[in-house]
Amino acid sequence: MSPSKLDSTASFGNGDASISCSKPENGLVDSLSLFHSEKAVEELLQQTPVEGMDEHLIEFSEALRTVAKALRRAAEGKASAQAEAAEWKRRYELERTRNIQMERKVSGNNICEMLRSWWTWTSLDNATGMIRIMLPCLVSWDVWKERNKRVSEARIAEWFSAEQNGDFDCGKVENSDNQLVQQNEPDEHSEKGCMKHGICSHEVLRDRESDSNSNGDHNKMMRKASFKLSWWCKGENGDQHKHDIVSFEKGNITTAERSSKQISLKWESDPQTVLILTKPNSVSVRILCAQMVRWLKEKKKLNIYVEPRVRVELLTESSDFNYVQTWKDDREILLLHTKVDLVITLGGDGTVLWAASMFKGPVPPIVPFSLGSLGFMTPFYSEHYKECLDSVLRGPISITLRHRLLCRVVRDAAKNEYDTEEPILVLNEVTIDRGISSYLTNLECYCDNSFVTCVQGDGLILSTTSGSTAYSLAAGGSMVHPQVPGILFTPICPHSLSFRPLILPEHVTVRIVVPFNSRSPAWASFDGKDRKQLAAGDALLCSMAPWPVPTACQVDSTNDFLRSIHDGLHWNLRKTQSFDGPRDL
């Protein structure tokens, strides 16, 4: 190598950022020396990685050889340890083996902890040496466990042989069982502790059954694990209440009770106050309301509440309706559930939604009369209102508990998820859409703490089962019986071929978040009103509300539901196939 190359290499190796080169007396840079220096640097850069790579390969091959030697030694140690374990089995008594087992268990745990800590804090340069130490230790640990298993099997065989020979020592067995129970006490304590959160509980049952092959002198001992499943709740302060769902009897799992049954309402005392809500701007509804108010007051002697608008209409028609009561402000509306025994709606499903929105907590039973268009929630006909109301007031009646969603908007500036705006209750659905924006809505969806999906389309519908025949149905969702508890997860025009609707269980909390990379804000509407803008970072939390809406049934909930989809939607309406034609012989 030329002197210029050596100089350049030396200066580069010392970490000097500049390359030394000679200067003539006139101060000009020697171009020839600079050329040789640059060429030396290029050669050095090309040669250095190759030499370093060879060194790494040599080190790696040496490490592999060391590992192979360690594996061979481990195999030899395993074979010798197995022979030694067999010798231990023949030489030592059962009680001494048990003591050795406890000592080895404690010492083995300490060794594992030391090795684990050593492995964490030791540098990778000593990895080869640690492999030589750890592999024989792990192999010895496996051999010890195998020896312990064999000793236990030998002990059981000795017990059975002693039983067959008539030398069975009950006191010894009882002592052994007591020691085993003492060893298992921590596990049983932990299993019982899990019932604190309602997951499960286990209990060991012993059933004695006669052995058909014996003479009846001895009974075989059988152990049966008993357990009970319960709903899991999020700690002691969770919103969901814990209750049993299954029972266990000798290995058979049966449900304690169905999650939803046909519910019957029976009055323990006669109703005293009735609230009548009507559809506005309808002459037929106004006439029917006046007739119903007069009949309920004269024949049933009930106190009657109406909306302020309706009271003005009744007083305009006749001053005899001055006994009709109403409220003055929203504060009195919040106390209606403490005064009203029964709610009567005259209109369609929208009137039922309006009645449910007036009650922010418990809702009195609602008797909905059909004076609207479709009427999925209005099974009673106004032509027979006297017979219907007489039957309802007399009782008992079948009712449908229609679940509601509790919706909360959490702004990006909120300190936590409990720092929300006023919660909103919806009976049908909450809709999150793109509003007037021309861009796709971008929504991140979570179920409890699990990520569900990212909605890219026109929006998303979170619906109750009562709202499954409303907007969710138009968007391709399933029709679900209103008595089924659940939350419908239905996308609106998703830009995907594989995005199908979901039905989530009632106990989950759905969180919809507008990500910061969204091109436009989203808009949320609750049962078609109370529209709110969701900016980037805002979230919408939806969970099942604890206050359902009880609506009276004409027959029962299933009959009313099927009749509504047949009459309102003409579900599966088709001409019957002609009977005259080709037939199977």
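Modeller: Buried means under 20% relative accessible area. The model here is predicted.

Biologist: Why does Phe380 count as buried?

Modeller: Phe380 has 4% relative accessibility. The cut-off is under 20%, so Phe380 counts as buried.

Biologist: And what makes Phe369 buried or exposed?

Modeller: Phe369 is at 0% relative accessibility, so it counts as buried.

Biologist: Why is the pair of Phe369 and Phe380 called tilted?

Modeller: The planes are 50° apart. Stacked needs under 30 degrees and edge-to-face over 60, so this pair is tilted. The centres lie 5.9 Å apart, and the pairing limit is 6.5 Å.

Biologist: What parts does that pair tie together?

Modeller: Phe369 lies in strand S9 and Phe380 in strand S10, so the pair ties together parts 11 residues apart in sequence.

Biologist: What makes Trp295 and Tyr385 edge-to-face?

Modeller: Their planes are 85° apart. That is over 60, so the label is edge-to-face. The distance is 6.1 Å centre to centre. Trp295 is in helix H6 and Tyr385 in helix H10, so parts 90 residues apart in sequence are tied together. Both Trp295 and Tyr385 are buried.

Biologist: Which residues have the most contacts inside the largest nonpolar core?

Modeller: Among them are Phe369, Ile344 and Leu389. This core has 33 residues. Helix H6 gives the most, with eight residues. Ile344 is in contact with Phe369 and Leu389, among others.

Biologist: Why is Leu569 called partly exposed?

Modeller: Its relative accessible area is 32%. That falls between 20% and 50%, so Leu569 is partly exposed.

How values were computed
Residues numbered from 1 in each chain as written. Predicted model: local features only at pLDDT ≥ 70, side-chain atom pairs only at ≥ 80, totals over all residues. Heavy atoms only, no water. Core = buried A, V, L, I, M, F, W, Y, C linked by side-chain atoms within 4.5 Å. Buried < 20%, exposed > 50% of the residue type's maximum accessible area, 1.4 Å probe, protein only. Helix = DSSP H or I, 4+ residues; strand = E, 2+ residues; numbered from the N terminus. Contact = heavy atoms within 4.5 Å. Phe/Tyr/Trp six-rings, centres within 6.5 Å; stacked < 30°, edge-to-face > 60°. Lists of a residue's contacts leave out its neighbours within four places in sequence.
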